[in-house]
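Subject: Structure handover and notes

Dear colleague,

Please find below the structure I promised to pass on to you. My notes on it follow directly after.

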Amino acid sequence: MFDLRYHVASLAAVFLALVIGILVGVGISGPVDSEKTKLLEGEVADLQQRLDRSASDSIASDREQQAARTFISETYPALVHNRLRGKQIAVVFVGSPDGGTRHAVGRALTDAGAVQLRLRALKVPIDVHQVEGALAAQPAADGLVGKSHLESLGRALGEELVQGGETPLWNSLTDALVEERLGGGRAQADGVVLVRTVAPQRAGTSHFLLGLYTGLAAAGAPAVGVEQTDAADSATAVYRRAGLSTVDDVDTPVGRLALVLLLAGRPSGQYGVKDSATDGALPPLPTPSPAGG
């Protein structure tokens, strides 16, 4: 009787062989023109869909899961190459930047040809009285001052961080909110990555952060909340509630590929290896239109 588990492994092997063949061919013949690149991406996307369908019909063994992760690791450089070329990405940490996650996000951006436009690491819990004092003379904060307006303030800050410009709210609140600051605030970001390195917050800080996450998601650019596979306190549920896409395994090549695809505009969703990853391990690769179509 035909076993779908072996079919999954076979498709993984075919996928790997295809991409290795692509890389070898490129190395021999030089750059691939855009039409050939589209055709090859279409083949890869088709194989990915077939693999996903087969996997959904079987319970993959540990060996098969490891095989799948191995082939993604081997093909990761080719799959992310220049997908974000010239894109400027903002990175936000809630809490002190974590070395491992910071490295993983930075590597994904570099591998895909993007640049980190700015980084902001926020101090939490927030000091509400300090925030109120910093905004007392700021006209842009009209209607945003006070405990009952913390969620609205967070949303306005999220939108301002992505959209850039004058950023009067951030300018006023840097001392009160920001632990680490890299890069200016004027240029508009092409996407944003969010990382929470602290435990879930309470009271006013919780409302403020929900507003911040919602503002990042609503600012008009791809917004992705990420964490490592061993995160002590998962933030994916609150990210999803705020409208963010999520990647729960950014410390792996599969997770970094998912992050790159989401920042490149692939369908939003919840991706990774945990129960919260309701949309699977990866967003779908783009399927090119037929030439001349």
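**V91 and its surroundings**

Leaving aside its neighbours within four places in sequence, V91 touches V105, L109, Q116, R118, L119, R120 and V193, where contact means heavy atoms within 4.5 Å. V91 is found in strand 1, and at 2% relative accessibility V91 counts as buried, since buried means under 20% relative accessible area, exposed over 50% and partly exposed in between, computed with a 1.4 Å probe on protein chains only. The C-alpha atoms of V91 and L161 are separated by 9.7 Å, although the two residues lie 70 apart along the chain.

**Basis of the values**

Before going further, please note that this is a predicted model, in which local features need pLDDT of at least 70 and side-chain atom pairs count only at pLDDT 80 or more, while totals for chains, interfaces and linings use all residues. Residues are numbered from 1 along each chain as its sequence is written, and side-chain values use heavy atoms, with hydrogens and water left out.

**Overall make-up**

The protein has 10 helices and 7 strands; helices (H or I, at least four residues) and strands (E, at least two) are DSSP runs, numbered from the N terminus. Of the 293 residues in the protein, 42% are buried. Among contacts between residues at least 6 apart in sequence, 74% join residues at least 24 apart.

An open sheet of 7 strands has the order 3-2-1-4-5-6-7 with mixed pairing, two strands being taken as paired if DSSP finds at least two bridges between them. Its edge strands are strand 3 and strand 7 (270-271), each of which pairs on one side only.

Strand 1 (residues 88-94) and strand 2 run parallel and are joined by 7 bridges, and F93 has A121 as its bridge partner in strand 2. Strand 1 also pairs with strand 4 (residues 191-196) in the parallel sense over 6 bridges, with V91 standing opposite V193. Strand 2 and strand 3 (residues 178-182), by contrast, run antiparallel and are joined by 4 bridges; here R120 stands opposite R181 in strand 3. Strand 2 (residues 115-122) is mostly covered, with 6 of its 8 residues buried.

**Helices on the sheet**

Strand 1, helix 4 (residues 99-111) and strand 2 make a right-handed β-α-β unit, a crossover being right-handed if, with the strands pointing away from the viewer, the path from the first strand over the helix to the second runs clockwise. Helix 10 (residues 253-263) lies across strand 1, strand 4, strand 5, strand 6 (245-247) and strand 7, and runs at about 160 degrees to strand 6; axes are lines fitted to C-alpha atoms, for helices over the stretch in contact, and angles run from 0 to 180 degrees between N-to-C directions.

**Helix pairs**

The axes of helix 6 (residues 150-163) and helix 8 (residues 203-217) come within 6 Å and cross at roughly 35 degrees. Helix 6 passes helix 8 in a right-handed crossing, where a crossing is left-handed if the near helix is turned anticlockwise from the far one by less than a right angle, and right-handed if clockwise. Residues of helix 6 including L150, L153, L157 and L161 meet residues of helix 8 including H207, F208, L212 and L216.

For helix 5 (residues 128-135) and helix 7 (residues 168-177), the axes come within 9 Å and cross at roughly 145 degrees, and this crossing is right-handed. The contact is made by Q130, V131, A134 and L135 of helix 5 together with L169, S172, L173, D175, A176 and L177 of helix 7.

**Two further residues**

Q228 has its place in the loop between strand 5 (223-226) and helix 9 (236-242) and is buried, with a relative accessible area of 18%. Leaving aside its neighbours within four places in sequence, Q228 is in contact with D98, G100, T101, D248, V250, D251 and K274.

S206 lies in helix 8 and is partly exposed, with a relative accessible area of 31%. S206 and I126 are 80 residues apart in sequence and 9.5 Å apart in space, C-alpha to C-alpha.

With kind regards
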